[in-house]
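Trainee: I should like to learn how to read the features of a protein model. May we go through one together, step by step?

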Amino acid sequence: MESIVPLIGVTLLVGLVWLAVMAWAIRTRQYSDPKGDAERILRTDYDDTPQ
């Protein structure tokens, strides 16, 4: 029973870290156009040579 108190603290810490990472990802627009990236790879006119 005494081991549950540290586990609750660790669980809350992991949850807060996850929340911070998700907030950062949304704020930096990581999820702005996920479908566009997937379709861009499949296009035949895609030019991957460096500029």
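Mentor: Let us begin with a term: helices (H or I, at least four residues) and strands (E, at least two) are DSSP runs, numbered from the N terminus. Residues are numbered from 1 along each chain as its sequence is written. This is a predicted model, in which local features need pLDDT of at least 70 and side-chain atom pairs count only at pLDDT 80 or more, while totals for chains, interfaces and linings use all residues; side-chain values use heavy atoms, with hydrogens and water left out.

Trainee: How many helices and strands does the protein chain have?

Mentor: The protein chain has two helices and zero strands.

Trainee: What span should helix 1 have?

Mentor: The expected span of a helix is 1.5 Å times one less than its number of residues. Helix 1 covers residues 4–27, which is 24 residues, so it should span 34 Å; its end C-alpha atoms are 34 Å apart, in agreement.

Trainee: What is the phi of Arg29?

Mentor: Most residues other than glycine have a negative phi. Arg29, which follows helix 1, has a positive phi near 60°. Arg29 sits in the loop between helix 1 and helix 2 (34–42).

Trainee: Is Arg29 buried or exposed?

Mentor: Buried means under 20% relative accessible area, exposed over 50%, and partly exposed in between (1.4 Å probe, protein chains only). Arg29 counts as exposed because its relative accessibility is 62%. Gln30 belongs to that loop between helix 1 and helix 2 as well, but counts as partly exposed because its value is 48%. Of the 51 residues of the protein chain, 4% are buried.

Trainee: Which residues does Gln30 touch?

Mentor: Contact means heavy atoms within 4.5 Å. Leaving aside residues up to four places away in sequence, Gln30 touches Trp24 and Ala25.

Trainee: Where is Leu12 placed, and is Leu12 buried or exposed?

Mentor: Leu12 is part of helix 1, and counts as exposed because its relative accessibility is 56%.
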